[in-house]
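Hi everyone, thanks for coming. Today I'd like to talk about how two parts of one chain meet, so let's bring it up on the screen.

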Amino acid sequence: MKITANDPNRKSWLNVESDSDFPIQNIPFGVFLSRDDIITIGTRIGDRAIDLGALHQLGYFKGIPLTDDLFLQDTLNDFIADGRMTWRLIRNRISELFDENNTTLKNNEAHQKTIIFKMDEIEMQLPVDIGDYTDFYSSKEHATNVGIMFRGKDNALMPNWLHIPVGYHGRSSSIVVSGTPIRRPHGQTLPLGETQPVFGPSQRVDMELETAFITTAANILGESIPIDETDEYIFGMVMFNDWSARDIQKWEYVPLGPFLGKSFASTISPWIVTMDALEPFRCESPKQEVTPLPYLQQKRTDNSYDIKLQAILETENGDKNLLSQSNFKYMYWTMAQQLAHHTVNGCNVRTGDMMGSGTLSGPTKDSYGSMLEITWAGKEPLTLKDGTKRVFFNDGDNVILHGYCQNENVRIGFGECEGKILPAKK
Ligand code: CA
């Protein structure tokens with residue numbers, strides 16, 4: 001089916017600023033609390049949120065087979081479970097309805113009043129009930145940087161790294177939507193030069209500049225997804241800050257990997273941008289230095305996406321300090337390889353599962369995706385606009401991640417993924 005929603009020439013009768021992340025070609029999906037205190041599934045064009053539950057009740061999805069309450073839910077899980085054909089039909093229909101040449105809703109002010117909201121009238125919610133969250137470690141630059149710091153230059157990449165998309169099972173209960181404050185965690189750490197651990201607030205709260213993808217039900221237990229079929233099962237992507245307490249992580253991670261140093265919180269952006277909307281921004285992923293085993297070999301070569309990424313530190317005086325500018329396309333292992341690998345042992349992936357990319361560091365220092373790398377484990381402090389220094393984050397720091405694609409025709413973005421650090425609980 002043609003993705004007519006991606007037509008770059010289409011304009012909306014709703015106002016869209018030229019630098020907006022949400023032109024009519026985006027049509028992401030999210031969940032919000034409306035001004036009438038009702039939770040509904042919605043989309044966004046420009047700075048307007050659109051209530052899909054109301055659109056459906058008023059008959060605007062006529063002809064598309066949908067259950068009556070599909071959009072009157074507090075999560076996107078049922079909609080995502082309906083599969084790619086439904087996602088496409090809905091995006092195409094929304095696109096037609098808000099096309100500047102379509103007068104059906106444009107001339108119906110009464111309907112507009114129940115369907116369209118200003119962004120400051122609504123409150124974004126976590127868009128998905130995330131069953132399982134898996135975090136990969138798929139940026140070669142990031143894995144190399146961390147490897148050099150922890151094990152030295154000669155053993156930076158572990159022997160398995162060029163053969164498998166390394167990942168671990170994360171914690172989904174503490175994933176929060178953008179804007180939720182992040183409480184500095186307590187934990188057990190081993191101070192430098194000491195032999196006995198201490199307990200207290202983490203002194204090394206860090207970000208991880210990542211994206212994540214959300215799946216629909218992919219396979220039944222015991223079966224696997226062939227790599228060239230993975231596209232069917234990836235609904236869309238969000239920006240993702242996988243908060244990390246480096247001092248807790250460093251003491252606990254051997255031999256089973258990260259635990260409390262990661263599970264205190266992770267933040268996602270509220271709008272899920274569909275893979276269909278990102279389709280025009282496909283590009284090649286980095287050439288793989290070791291030919292992967294056959295189950296990880298992809299037929300298509302344009303298997304990555306050109307998504308520009310930014311991390312910003314907003315201090316309490318309102319200064320915005322650019323920490324990093326990276327790109328999703330640097331990621332060594334692709335999402336298709338991650339999903340194929342995830343299911344190759346027969347592990348079943350369900351609707352609403354989320355897979356993090358791993359920190360998306362680029363090749364240069366200004367593109368590193370964590371403070372651990374930017375300040376080289378604290379050895380090279382950053383000086384901010386207000387003259388203060390940082391190695392990791394202070395209480396009151398607001399960390400904002402951005403991601404967007406841009407070509408000569410259109411800009412498709414994710415909005416903001418932000419979280420402010422609160423002091424540790426007394
Ligand atoms: Ca991570």
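Let's start with polar contacts: 11 residue pairs, both at pLDDT 80 or more, are in polar contact between domain 1 and domain 2. A polar contact here is a pair of N or O atoms within 3.5 Å, where one must be able to donate a hydrogen and the other to accept it, and residues adjacent in sequence count only if both atoms are side-chain atoms.

Before going on, some ground rules. This is a predicted model, with local features needing pLDDT of at least 70 and side-chain atom pairs counting only at 80 or more, while totals for chains, interfaces and linings use all residues. Residues are numbered from 1 along each chain as its sequence is written, and side-chain values use heavy atoms, with hydrogens and water left out.

So where are the domains? Domain 1 is 4-124 and domain 2 is 133-422, with bounds from an automatic or database domain assignment. Their C-alpha centres lie 29 Å apart.

In contact terms (heavy atoms within 4.5 Å), 28 residues of domain 1 touch 28 residues of domain 2. Together the domains bury about 2,200 Å², and carbon and sulfur atoms give 61% of that. Buried area means the accessible area (1.4 Å probe) that two parts lose on being put together, summed over both.

How many salt bridges are there between domain 1 and domain 2? The count is 3, taking a side-chain nitrogen of Lys or Arg within 4 Å of a carboxyl oxygen of Asp or Glu. Elsewhere on my list, the side chains of Arg 88 and Asp 276 form a salt bridge at 2.7 Å, N to O.
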